[in-house]
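Keep the sequence and the structure side by side as you read.

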Amino acid sequence: MTTPALNIDGIDVFIEGDGPHTIVMIHGWPDTHRLWDGTVAALQSQYRCVRFTLPGFDVAQPARATSLAQMTALFSQIVEAISPGQPVTLLLHDWGCMFGYEYAMRHPARVARIVAVDIGDHNARAFLKSLTASAKWQVFAYQFWLALAWKLGGAISGALGNRMTRSMARALRCRTEPARIGWQMNYPYAMQWFGLLGGFRGAAQVDPACPLLYLYGERKPFMFHSPEWLAQVAQRPGCAVQAFHTGHWVMVDQPAAFNQCVDAWLARTKMTTT
């Protein structure tokens, strides 16, 4: 692993590759920047690959809950530092999608393309309507469990919070090493269910103007997008959707196919960027 190229607001930023286009890779729960190891290896010969661990997701560091506004401001600092004057491509997964979409909606001139993995129109009415009663219960159950683990971990027992968080990660078939998973990284769920730091009130609807590649795993009890949104993305010029016979962590379950798909789409849309 390379040493950090920059430290911005306490966040180590890694830069690998020296191509003309910059890809900013943003992970979700319960991961770190290491989620993108295989993707960086596949793309760094053609692109500058930039990645970092979200605030509070490094269990070796103090807990650091970060609001939606603070997170997008951090993204803005990082993008301005690593690609001044030139828009970047965002590669997003899970909570990285939710925070990354918000950054793209607030700063459209700084985002040339988006590759989003497994999270689509998460805050749209169409998505909520697409969920069955059973799916809504499953979403609530795992998310509230993690929000509660965050609350208990910070107020009563970090060990208890860790056990709850790691047990849920196992249940969801996450391959991240348990030692890298902790209650500290659950604060987005506390934002969702407890309104921590203002929650996600005022978050923009997911409708980026730039080209979008949406990749998702279809081996799940429910999707994180509505069928209507999927069809809309597929029909937009420069955009594409692709399903994989995987679970939520597409880049881990089928790394070769995932990397090939991303690389091919980036090559097709290269001329639309500046």
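**Cavities, pocket, core and rings**

The lining of the largest cavity splits into six nonpolar residues, one polar and one charged. Here Ala, Val, Leu, Ile, Met, Phe, Trp, Tyr, Cys and Pro count as nonpolar, Asp, Glu, Lys and Arg as charged, and the others, Gly among them, as polar. The model is predicted: local features need pLDDT of at least 70, side-chain atom pairs count only at pLDDT 80 or more, and totals for chains, interfaces and linings use all residues. Residues are numbered from 1 along each chain as its sequence is written, and side-chain values use heavy atoms, with hydrogens and water left out.

The lining residues of this largest cavity are Asp94, Trp95, Met98, Ile119, Tyr142, Gln143, Tyr189 and Phe224. Helices (H or I, at least four residues) and strands (E, at least two) are DSSP runs, numbered from the N terminus. The volume of the largest cavity is about 50 Å³. A cavity is a set of points on a 1 Å grid over the protein atoms alone where a 1.4 Å probe fits but cannot get out; a pocket is an open set with protein on both sides within 12 Å along at least five of seven lines; lining residues have an atom within 4 Å of a point. Points are joined across faces, edges and corners, and a volume is the space filled by probe spheres set on them.

The second largest cavity has a volume of about 30 Å³. Its lining includes Met98, Tyr101 and His122. By class, that lining has five nonpolar, two polar and one charged.

Now turn to the largest pocket. Its volume is about 620 Å³. Of its 21 lining residues, Leu172, Arg173, Arg219, Lys220 and His248 are the closest to its centre. Helix 5 (133–155) and helix 6 (158–171) are the elements that give two or more residues to this lining. The lining holds 10 nonpolar, five polar and six charged residues.

Next, helix 6 itself. Alanine 169 is found there. This alanine counts as buried because its relative accessibility is 2%; buried means under 20% relative accessible area, exposed over 50%, partly exposed in between (1.4 Å probe, protein chains only). Not counting residues up to four places away in sequence, alanine 169 touches Trp29, Pro30, Cys174 and Ile181. Contact means heavy atoms within 4.5 Å.

Helix 7 (residues 187–194) buries Tyr187, Pro188, Tyr189, Ala190 and Met191. These residues pack against helix 2 (68–82), helix 3 (95–106) and helix 5. Glycine 195 follows helix 7, with a positive phi near 70°.

What about the rings? There are 16 aromatic pairs. Rings of Phe, Tyr and Trp (its six-membered ring) pair if their centres lie within 6.5 Å; planes under 30 degrees apart count as stacked, over 60 as edge-to-face and the rest as tilted. Phenylalanine 144 and phenylalanine 194 pair edge-to-face, 5.5 Å centre to centre with 85° between the planes. Phenylalanine 144 sits in helix 5 and phenylalanine 194 in helix 7, 50 residues apart. Phenylalanine 144 is partly exposed at 28% relative accessibility, and phenylalanine 194 is partly exposed at 32%. Tyrosine 214 and tryptophan 229 also form an edge-to-face pair, at 4.9 Å and 85°. Tyrosine 214 is buried at 0%; tryptophan 229 is buried at 7%.
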